[in-house]
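The sequence and structure come first.

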Amino acid sequence: MSKKGKKTGTIKWDTEDVIQAVVIADSFNFRFLPITMEKPRALLPLINRPLIDYTVEFLAVSGVQEIFVYCCAHADQIKAYLESSRWNKSTSPVKLRIIVSENCPSVGNALRDIDSQSLIRSHFVLVSGDLVANMELKEVIDQHKERCKVDKLAVMTSVYKKASPDHRTRSKEDNILIVTNAQDKRLLYCAKPSVKKRLAIPVSIFEENSDIDLHYDVLDCHVTVCSPQVPQLFSDNFDYQTRYHFIRGILVSEEIMGNHIYTHFISDQYAARVSNLHTYDAINKDVIHRWVYPLVPDNAPGEKYSYGRHNIYLNTNVTLERGVVLQEDVVIGPGTCVGTDSQVTHSSIGRDCRVGKNVRIEGSYIWDNVVIEDNCEVSRCILCDGTCVKANVKLQPGCILSYGVVVGPDFTVAAGTRLTTKHPTTSISDSGWGDDEETDTSKRKESIELVDTVPEEVGLEGRGFIWRPLQDQDEDSDDIRVEKWPFSEGSYAISESSRGASSPSHSPEPLLLDGEEGDADTMIFYNEILDSIRSGIAELVPNENTKLMINASKHAYNIPIQELPGLIIKAVLEGPVNTTLEQPGELLTYVKNAVSHLESLLQHYMKSTEAQANALQVAADCATQQQNIMAIFPKIVLLLYNAEIVEEAAIMQWHSELVVEPDPSPKKLEVLTAISPVIEWLKNAEEESSSSD
């Protein structure tokens, strides 16, 4: 027996035998702010385990032997965690290799970097560091390898799970429509439906395929088995910035390049990403309900949980005082004490927490070292590490308390409030490529250590303040409304869309372009560049990177270059994410910051007089839709003129076309009235220049 063991240990794996995986441990978005200003999404706890631990365990159990973990934002934290984890020990079944690149702006750039280092030697698995799954991955890998022997141009197999549109783990922002060949499951078409859900499927798909399947009842699991040439394809096409861009690009160029993508469907297995707060809540519930078995609390390594009726998970080192009621779907971690007559339901409580007497906790996620004093109510909230809720505090649904926040006593936090102790990394805000990226690390550290407390927002003995995204630090910009997080019983329709809608009674309608309602690709494209523009402004991302993202989306959705100037100007005027700048002065300050940072990008897309006139017309259309834009419209035009983004000839051309427009609407007449002083000033300046000559 010992000889067999020794012989097994000396097996030398062929290159084809080694199963590799690439884990992208960065979200490249800002959906978990302000939490991710201090900790990356991959390390956020889900039922008292970091997300990336679920991902690595899934890969290890599936037979993956070598894992490349690509880290960007907060790379030092991810590296430190993995190096001290069980996955880095001699007994680990996988070999971890950590790659750090703090300036990487996208998945595409990460794969190009991996390609430049020649790390991929065989077929590999591509996943994100926030994946939770128990599916049979080995089956997908074997099918992909066998398929590649028959079809030499097969480059990818993408996994989809059968899920109805109202499935709780299915996020609305990830809704997808795919068309596949019914026989070989080859992907023929892929698109993300817009709000209007109107898509145009090429007729050629029906002409060239006798039997097709159209799927809207699927969830994209973001689990992909790739052929070795995939990183090279990313290197050859800098327009590919995301996995979705890659899939769309391959399908569009299929006739030229000949590459094929195949699909694999699962139904009774589990795979989902924690892509936003909605899916965080849903996947927590799925783990508690044992849909992800064996990735359940009572199987967690190194910690002993008992599993009882009604999905009650208790660590062996838990103290429950007299009269405590644990109703259902409850997880309580080690070292935690729950006080007399307290009630907990549909919630997870982490390690070393202290819950006082007569406390009500419902539908909430309490992380580690949290203190909740007597007579508090916590309903559908997230409380991060080290937070303290003092006596007689009521946290209404949707509140998020980031690290170290203290609230109370005798205080009520309004629904949807996000509290933090950390200021954004720039004077505008924190959001963007990887939740917290800044090329100058010394400046980032200095900025992030600024701590302030607003007693009116956290109570007399509190610590922290309300997080206001993308708010310029201006004395007059206090009236900021942060997007609510509307958890409700049985409802999972939580939107973290890039538009960031606020309360219906306060938020203006999204800005629309003429004819936009029916153009699905344009709407999806606009949402993507809106994210890119807002991220670029917030994180002071180099304009070259932002241009790269915009160009990639442009090619993915076949958007004419002539439409870009107007869409970019519209994105700037739409304002910051999750915030309504109703006061014209606030919006003007934001636009000034935006134009200052995006100056070279705007000049790049508005080189011609025609493009500049088009951008001005879009700005005028936006002004007719929102009064706060109308109030500062002349200043916006002058701002663009002084920054040499629009020329005098473009302004005059646009104005002359507007003047001769038959039967102008009252709003158009208001635009003409508002802009007339600027036109007069330009004419007088030209006359003075001519006379001086």
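**Sheet and cavity**

Val378 has Leu395 of β28 as its bridge partner. The model is predicted, so local features need pLDDT of at least 70 and side-chain atom pairs count only at pLDDT 80 or more, while totals for chains, interfaces and linings use all residues. Residues are numbered from 1 along each chain as its sequence is written, and side-chain values use heavy atoms, with hydrogens and water left out.

**The sheet**

- Strand β25 (residues 377-379) and strand β28 (residues 394-395) run parallel and are joined by two bridges; strands are DSSP runs (E, at least two residues), numbered from the N terminus.
- An open sheet of six strands has the order β16-β19-β22-β25-β28-β31, with parallel pairing; two strands pair if DSSP finds at least two bridges between them.
- β16 (325-326) and β31 (412-413) are at the edges with a single partner strand each, so one side of each has no neighbour in the sheet.

**The second largest cavity**

- Five cavities of 30 Å³ or more are found in the whole structure; a cavity is a set of points, on a 1 Å grid over the protein atoms alone, where a 1.4 Å probe fits but cannot get out, and lining residues have an atom within 4 Å of a point.
- The second largest cavity holds about 60 Å³, the volume being the space filled by probe spheres set on the points, which are joined across faces, edges and corners.
- Its lining residues include Thr169, Asp174, His222 and Arg273.
- β10 gives the most to this lining, with three residues.

Note on methods: On a 1 Å grid over the protein atoms alone, a cavity is a set of points where a 1.4 Å probe fits but cannot get out, and a pocket is an open set with protein on both sides within 12 Å along at least five of seven lines; lining residues have an atom within 4 Å of a point. Helices (H or I, at least four residues) and strands (E, at least two) are DSSP runs, numbered from the N terminus.
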